[in-house]
Amino acid sequence: MKTINDFNFNEKKALVRVDFNVPQDDQLKVTDNTRITAVKPTVDKILNDGGSVILMAHLGRPKGEAKDEFSLKHIVDEVSSVLGKEVKFVEECVGEKAEKAAADLQPGEILLLENLRFHNEEEKGDEAFAEKLSQLADAYVNDAFGTAHRAHASTAVIAKFFPSTKFFGLLMADELKAIDKVLKSGEKPVTAILGGSKVSTKITIIENILPAVDNLIIGGGMAFTFIKALGGKIGTSLVEEDKLPLALEILGKAKEHKVKVYLPSDTVIAESFSNDAERKESDIYDIPEGWMGLDAGPKSRDQFNDVLLNSRTILWNGPIGVFEMSNFAAGTVALGDSIAEATKLGAFSLVGGGDSVAFVKQFGYADKVSYVSTGGGAMLESLEGLELPGVAAINK
């Protein structure tokens, strides 16, 4: 893997693709700077070498139009604060202004270009646009794992203009190593926890990870499709009727690969999808009519805990209950506790996928697991076994 550690950036300008698609409030102030913080090691390395950094990113979906609400000028102060250095800004990413700002940049300085997606050519993967961007610097660094699954001008096409000076940033390298640990080099037993609402969104992941894992815990709404396929009564719980045969097929494949599958045995049920609904515990195979399962029950939590404490590598993608509602968060909290404890005992734990990441941040587990992925879609595609365009472009 060719990373920035393989190059000295002294007197060189590095064009660094970052993922600054950060959440903002009504005043356009950044409300979560995790993605900015994540690229600081890469920026620091280049500056410490005696180089300069040109940051390029996108924000939101301006669809090729220069709209003020999507301007990166609104995040400059936050980027400067996190990186601990004044960041210059230019209201273009290609053209004369951008070229002058890049040419004037001195070693030790940082420049942020305007939103790449103000140009349709970015998402189209336009080669001429990529070439214009490439002329701003001596080296190209991709540190935007969150967009690595897109074949855009700045994430994939641009690399061809830097045949010998293209590198992974430190964040990208860490993300790829974390995924490799789960799929290839991880210490056994390897346990994957897949939750969330639908089996259909996780089929390819399940099929790809079966050869790599020893245990598969299936929870959340998607568990009810498996339970019903196995003949259980699930009341009004979420189910994908057309995926019942597929659920049985997945269980069959798991058996072929000698993977132990753990489904919840009990569940916390409610009469309606509401935090204030009446609730009680039920055997997951015998949910009364008119009731729905919204969280893993205490027996399931204990069973999952036993599996996790005996695991050496853990992948967590998707909650096992409706944690957004406090009365149905206990199962996911218990799972978080089990993963944190296993990590403390020396297991490697990787958390990825929007809802799981939201959970670990919200409930304070981010520093209790080994690695929290910054890229939802990119991580899922990696787990599906797909080569990401942004990764392939550097490896060529």
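In helix α11, the buried residues are Ser 300, Phe 304, Val 307 and Leu 308. The arc that these residues cover around the axis is only 95°, so they lie on the same side of α11. The opposite face, turned away from the buried side, carries Lys 299 and Asp 302, which are exposed. An α-helix has 3.6 residues a turn, so residues three or four places apart point the same way. The model described here is a predicted one.

Helix α11 itself runs over residues 298-309, twelve residues in total. From its first C-alpha to its last it reaches 16 Å, close to the 16 Å expected at 1.5 Å a residue.

The next topic is charge pairing. Side chains of opposite charge can pair when their charged atoms come close. The structure holds 17 salt bridges. One of them joins the side chains of Lys 361 and Asp 32, with an N to O distance of 3.2 Å. This pair links distant parts of the chain, as its two residues are 329 residues apart. Lys 361 belongs to helix α13 (residues 354-362), while Asp 32 sits in the loop between β1 (13-17) and α1 (34-38). Lys 361 has a relative accessible area of 38% and is partly exposed. Asp 32, at 26% relative accessibility, also counts as partly exposed.

A second salt bridge lies within one helix. Lys 253 and Glu 249 form a salt bridge in which the closest N and O atoms are 3.7 Å apart. Both residues belong to helix α10 (residues 244-256), and because they are four residues apart there, about one helical turn separates them. Lys 253 is partly exposed, with a relative accessible area of 27%, and Glu 249 is partly exposed at 43% relative accessibility.

Another salt bridge is formed by Glu 91 and Lys 97, whose closest N and O atoms are 3.5 Å apart. Glu 91 is partly exposed, its relative accessible area being 47%.

The last stop is Thr 3, which is placed in the segment before β1. Is Thr 3 buried or exposed? Its relative accessible area is 10%, so Thr 3 is buried, since buried means under 20%. Leaving aside neighbours within four places in sequence, Thr 3 is in contact with Phe 167, Phe 168 and Ala 173.

How values were computed:
Residues are numbered from 1 along each chain as its sequence is written. This is a predicted model: local features need pLDDT of at least 70, side-chain atom pairs count only at pLDDT 80 or more; totals for chains, interfaces and linings use all residues. Side-chain values use heavy atoms; hydrogens and water are left out. A salt bridge is a side-chain nitrogen of Lys or Arg within 4 Å of a carboxyl oxygen of Asp or Glu. Buried means under 20% relative accessible area, exposed over 50%, partly exposed in between (1.4 Å probe, protein chains only). Contact means heavy atoms within 4.5 Å. The expected span of a helix is 1.5 Å times one less than its number of residues. The arc is that of the directions from the helix axis to the C-beta atoms.
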